[in-house]
Amino acid sequence: MFFSVLHLAIAFALLPVYPASPAIPHSNFRGQKVRIASRRSVDTPDDPTSHIFDAFYVENERNIIATKYAESPDFLAGIGLAPFDLETFEGAASATRILFPYSDAESADVLPANGMMPKPYPVTPLTDCVAANMDVLYYGPIEIGTPAQTLTVDIDTGSADLWLPSNCAGCANKQFKPEESSTYSTDGKKFSIAYGSGNVKGIIARDMVSLAGLSVCNQTFGAVNRASPDFNYFPNDGIIGMAFGSISKCKGSTFFENLMLQRKVAHNMFSVHMTRRREHGSELCLGCFDETKAKGAPTWIPVQSQTYWTVYMDSFLVNNRRLSIAAQDIFAAIDTGTSLIYFPEQLANAFYAMIPGARSAEDVGQGIYTFPCDTTLSLALSFSGFDFSIDMRDFNLGRVSEDSSKCVGGIISTGNEGPPKLAIVGVLLLKSWYTTYDYSNGGRVGFTESINNMPGL
C-alpha cells in the first residue's frame with residue numbers, strides 16, 4: 001500500500017510465502033526472493049498471539065511514511081499546492097443523483113422509498129494481499145488507452161497521482177503500451193515520486209482511463225519508465241491516488257475529481273470496504289455507498305485540509321479511559337494506502353503510557369512498542385468528538401518471539417522522521433469502518449461500522 005503500499009518489497013521477499021492451501025510454508029522459504037505477486041492470502045486464526053512478529057516489514061513502511069508525508073507540514077499550511085477549488089465540484093454530480101443518508105439527524109436528506117441507493121453500483125473489486133499476517137495492500141483492475149489495456153492499481157487516499165509503468169526496462173509487472181493506444185498523448189514533462197528508499201520516474205502523459213465502468217478522457221497520469229527494484233515484488237502494477245488534487249505531483253485533477261467534473265458519478269463521494277485477511281470481498285464504490293458492506297448510516301467528520309483526507313483527532317481511549325490531546329492540534333490523515341497507524345513520538349508515548357506494562361521496544365524495531373499479550377484492551381480514536389474503535393485482531397501484531405509474553409502494538413511512532421502534528425491512520429482502523437470520502441459540505445469523511453465486525457468475519 002504505500003505509497004500506499006509500497007510496502008517494501010524487499011521486506012516481503014524475506015517473509016514466508018502463504019500458499020492457497022493451509023499448508024505451513026517450509027522454513028527454507030525464508031531468505032528466498034519471491035515476488036509478492038505470487039503470494040495468496042489465506043484465512044488465519046483470530047488469535048494474533050499465535051503469530052510471531054517480524055519487524056522488518058514495519059520498519060520499512062515506517063521509512064516510506066516519512067518520505068510520503070515529508071511535505072505534509074507545508075501542504076497543511078497551504079504551501080506548495082497545485083491550484084484547487086473545492087467549490088468547482090459542488091453541483092458537479094449527475095443530475096440523476098439520489099439523496100444520501102446522513103447520520104446527523106439535523107441535516108438528514110430524504111432517502112428513496114426503499115432507503116437504498118439504486119443498483120448496480122459502479123464498483124470495482126479489490127484484492128487483499130496478505131503477508132506476515134498483515135493486510136498489506138488492496139488493489140484492483142484499471143483500464144487505460146484505446147483500445148483498453150487492463151492493469152492493476154493500489155487504491156491510495158494518501159496521495160493524489162495515478163502512475164503506471166510504461167516502457168520501463170527494469171519493471172517486472174505488466175506495463176502500459178502507449179504505442180498501442182490511439183488516444184495517448186504527452187508533452188514530455190518529467191514526473192517523479194520518492195518512497196523511502198525507492199522511487200519512480202517518467203513523464204506526464206494523458207489518455208482514456210476507466211475504473212468500475214466509468215471513464216475519463218485525457219486523464220493525466222505518470223508514465224513511469226524507471227522504478228527502483230523494490231516495486232517488482234508487489235502484485236499491483238501501479239497506484240491510483242485519491243487524495244485531493246491540490247497535492248498532485250502532476251499538478252492536475254485526480255481521476256475521481258474528473259469523474260465529478262464530467263458528471264459521471266451520482267454523488268461527489270467514493271467509499272472503500274477493506275476485508276480482514278481475506279483475498280476477496282474488498283471493493284471501491286465510485287459515487288456510492290454500498291449498504292451491504294456496512295451497518296447503519298455514516299458518522300461524518302469534517303475535513304480540516306483539502307490536501308489529504310485530514311480530520312481533527314482530539315483524544316483516544318484505552319479501556320474506557322480518555323486522554324484529551326485537543327491542546328496539541330493533532331490531525332489525522334485517513335490513508336487506505338498504509339497498513340498500520342503512525343503517531344508522532346510524543347503522542348505514541350502518551351498512548352502506550354495508558355496500557356499497563358507497555359513500553360518502547362527499540363530493541364525490537366524503531367518506533368515499536370510492546371505490551372503484555374494477556375492484557376485485555378479496548379481501544380478507540382476520537383475524531384471531532386466521535387469515537388472509532390480498533391479491533392484487537394488488527395492492533396496486536398503478534399508475539400515478540402515464540403516464548404515471549406510480550407506482543408507488538410500496531411500504533412507505531414514516527415520518531416523524528418515523521419510530521420510532528422500529523423497521525424497517519426491506515427488500514428488497521430479502516431478494516432473496522434467502512435469509509436466514505438465526500439467532496440460536498442467542504443469535504444468530509446464518513447465512518448460506518450463495517451460488516452467485518454460481524455461474528456465470523
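Two strands count as paired here if DSSP finds at least two bridges between them. Keep that in mind as you work through these exercises on a predicted model.

**Exercise 1. Which strands pair with β7, and in which sense?**

Step 1: Start with β4, residues 162–165, and look for bridges to β7, residues 214–227. There are 3 bridges, and the two strands run parallel. To see one of them, pick L164, whose bridge partner in β7 is A223.

Step 2: Turn to β6, residues 198–211. This strand is joined to β7 by 11 bridges and runs antiparallel to β7.

Step 3: Follow the chain from β6 into β7. The two form a hairpin with 2 residues between them, and A212 in the turn has a positive phi of about 55°.

**Exercise 2. What does the salt bridge between K68 and D156 tie together, and are the two residues buried or exposed?**

Step 1: Check the contact. The closest N and O atoms of K68 and D156 are 3.1 Å apart, and a salt bridge requires a distance within 4 Å.

Step 2: K68 belongs to helix α2 (residues 55–68) and D156 to strand β3 (residues 149–156), so the pair ties together parts 88 residues apart in sequence.

Step 3: Apply the burial cut-off, which is under 20% relative accessible area. K68 is at 10% and therefore counts as buried; D156, at 0%, is buried too.

**Exercise 3. Which residues join D394 in a network of salt bridges?**

Step 1: Begin with one link. D394 forms a salt bridge with K431, with closest N and O atoms 3.0 Å apart. D394 sits in helix α6 (residues 392–395) and K431 in the loop between α7 (427–430) and β25 (433–438), 37 residues apart. Both D394 and K431 are buried.

Step 2: Extend the view. The network links D135, R276, D391, R393, D394 and K431.

Definitions and conventions. Residues numbered from 1 in each chain as written. Predicted model: local features only at pLDDT ≥ 70, side-chain atom pairs only at ≥ 80, totals over all residues. Heavy atoms only, no water. Helix = DSSP H or I, 4+ residues; strand = E, 2+ residues; numbered from the N terminus. Salt bridge = Lys/Arg side-chain N within 4 Å of Asp/Glu carboxyl O. Buried < 20%, exposed > 50% of the residue type's maximum accessible area, 1.4 Å probe, protein only.
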